[in-house]
Amino acid sequence: DNTGGGGEVTEPEDNNDNSNPNQNQTEDNTGGGGETDPEDNNEGEEGDNEDNSGGGQTEPGEGTGGITDPGDGSEEGGDITGGTTTDCGTSEGGFAFSITEFDLSNHPDYTNIGGLEIECSSNILYGFAWDDAEDVEYFVSIDPANGLVTSLTPITGIEFITQHSTFGNNEYFAIMAGDGIKYLVQISISNTYTVSLTEFDYSNHPELDNVAGIEYDHVNDVLYGYAFEDTNEGEQNNGPGQVMQPPEPPLVFVVTIDPSTGMVTKHSEIEDVQGISDGASAYDGESYYLKVKNSDGGYSMATIDVSDFSISMSSVLSSTNEDLTTPGGFEVNIETGLIYGYAWDSENEEEVFISYDIDSESITQIGVITGIVYTTSISTQEGVDFYAIMADDTRQNYLVHIQY
């Protein structure tokens with residue numbers, strides 16, 4: 001199944017442009033989906049609503065992150081220089097951003113950096129990258145000041161990666177796969193980067209598959225996520241002489257995962273959704289958040305109270321902000337209760353940094369990220385420091401650091 005996230009960028013006005021299979025289509029980033037073969041980079045097309053396979057495995061050597069075209073692809077990127085940012089701020093002090101090229105001088109064979117997570121106490125970013133010479137995935141650190149990438153430890157046995165990662169209390173988690181098995185990868189920062197691969201255990205809920213959207217609750221040592229149930233697949237196409245109908249999207253449930261055993265436990269169903277946006281999850285200590293695609297169109301933010309797994313929905317873009325499109329990169333600020341991210345201003349043709357108030361369903365445009373034309377699903381935040389991987393009009397990836 002080579003459909004889904006990690007697919008091509010296409011122009012919103014012309015979705016038949018399959019010129020770059022490393023990059024995601026703007027119009028539909030739901031579901032994740034799919035694998036890309038590094039030896040044949042013409043695979044890995046954009047996933048549709050029927051392929052909501054959860055996070056989308058991507059060959060580590062190709063296509064990680066999936067660039068999305070926020071506009072029509074024809075905009076001038078402008079000057080790819082930002083303002084100035086300080087290190088790990090703690091209080092809101094106005095909008096500033098910097099754009100830094102990844103420095104691979106120590107590891108020139110590294111490609112496709114992903115899985116960014118910030119650890120602000122030491123002011124370092126963690127993630128992973130593919131070593132093209134060794135054919136091995138590496139756990140890496142990135143210095144946010146200069147983009148310097150440093151190798152920390154190999155993650156052996158990995159053939160495919162997703163962009164689902166989380167970090168807390170010196171524990172880094174990601175979803176990766178090897179030899180046909182999808183693993184919860186755990187790397188202990190405080191223990192000389194010890195790596196463990198734990199297979200997801202669906203024995204209590206064998207109808208589920210493809211856990212994604214993981215967020216770590218280090219207080220209770222549990223991961224929150226979602227998983228799919230494929231009971232709806234193909235039900236509408238049974239019976240001789242019937243007109244073929246597209247299968248309904250699979251049911252999706254909120255789940256918890258025991259990080260020590262991989263045991264998956266099913267909780268609430270997220271009803272009336274077509275899919276889950278790849279990489280769009282967050283956790284603030286009380287609620288788990290997901291950006292979902294509604295069955296009747298548009299996007300909502302699902303807020304899941306982790307005390308009882310009750311779910312409420314809030315419109316992602318309000319009617320007063322109809323010029324904003326393709327919102328993404330949502331990260332929650334536990335102090336303000338607001339969710340931060342980015343969206344494309346279709347009127348001014350520029351990428352903007354936004355905050356989103358779930359209660360009032362209102363969007364505030366904070367500032368313009370000058371020079372950015374393409375975005376990915378990769379972001380992380382701590383305090384008022386927001387990091388993402390974005391690209392200019394040449395599709396070169398940069399580390400974007402935003403403070404607000």
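Strands β11 (residues 222–229) and β12 (residues 251–257) run antiparallel and are joined by 7 bridges. Within this pairing, Tyr226 has Val254 of β12 as its bridge partner. The model is a predicted one.

Both strands belong to an open sheet of 4 strands, in the order β10-β11-β12-β13, with antiparallel pairing. The edges are taken by β10 and β13 (264–269); each has a single partner strand, so one side of each is left without a neighbour in the sheet. From one strand to the next, the twist averages 30 degrees.

Strand β8 (residues 181–188) pairs with β9 in the antiparallel sense over 6 bridges. Two positions show how the strands face each other: Val185 stands opposite Leu197 in β9, and Ser188 stands opposite Thr194 in β9. The hairpin of β8 and β9 has 5 residues between the strands, and in it Thr192 takes a positive phi near 45 degrees.

## Asparagines with positive phi

Asn170 lies in the loop between β6 and β7 (171–178). Its phi is near 65 degrees, a positive value in a residue other than glycine. With a relative accessible area of 31%, Asn170 is partly exposed, since that class lies between the limits of 20% and 50%.

Asn123 sits in the loop between β2 and β3 (124–131). The phi of Asn123 is also positive, near 50 degrees, and this residue too is other than glycine. Asn123 counts as buried at 17% relative accessibility, because the cut-off for buried is under 20%.

## The largest pocket

The largest pocket holds about 910 Å³ of space. Its lining is made up of 40 residues, of which Glu117, Phe167, Glu215, Tyr283 and Gln381 are the closest to the pocket centre. By class, the lining of the largest pocket divides into 11 nonpolar, 21 polar and 8 charged residues.

Several strands contribute to this lining. At least two residues of it come from each of β2 (110–119), β6, β10 (208–217), β14 (273–283), β18 (324–332) and β22 (374–382).

Glu350 is part of strand β20 (residues 350–357). At 23% relative accessibility, Glu350 counts as partly exposed, because this class begins where buried, under 20%, ends.

When neighbours within four places in sequence are left aside, Glu350 is in contact with Ala343, Trp344, Asp345 and Val368. One of these contacts, Val368, is 18 residues away from Glu350 along the chain, and the C-alpha atoms of the two are separated by 6.9 Å.

Notes. Residues numbered from 1 in each chain as written. Predicted model: local features only at pLDDT ≥ 70, side-chain atom pairs only at ≥ 80, totals over all residues. Heavy atoms only, no water. Pairing = 2+ DSSP bridges. 1 Å grid on protein atoms, 1.4 Å probe; cavity = no way out; pocket = protein on both sides within 12 Å on 5 of 7 lines; lining within 4 Å. Points joined across faces, edges and corners; volume = space filled by probe spheres on them. Nonpolar A, V, L, I, M, F, W, Y, C, P; charged D, E, K, R; others polar. Buried < 20%, exposed > 50% of the residue type's maximum accessible area, 1.4 Å probe, protein only. Contact = heavy atoms within 4.5 Å. Axes fitted to C-alpha atoms, helices over the stretch in contact; angles between N-to-C directions.
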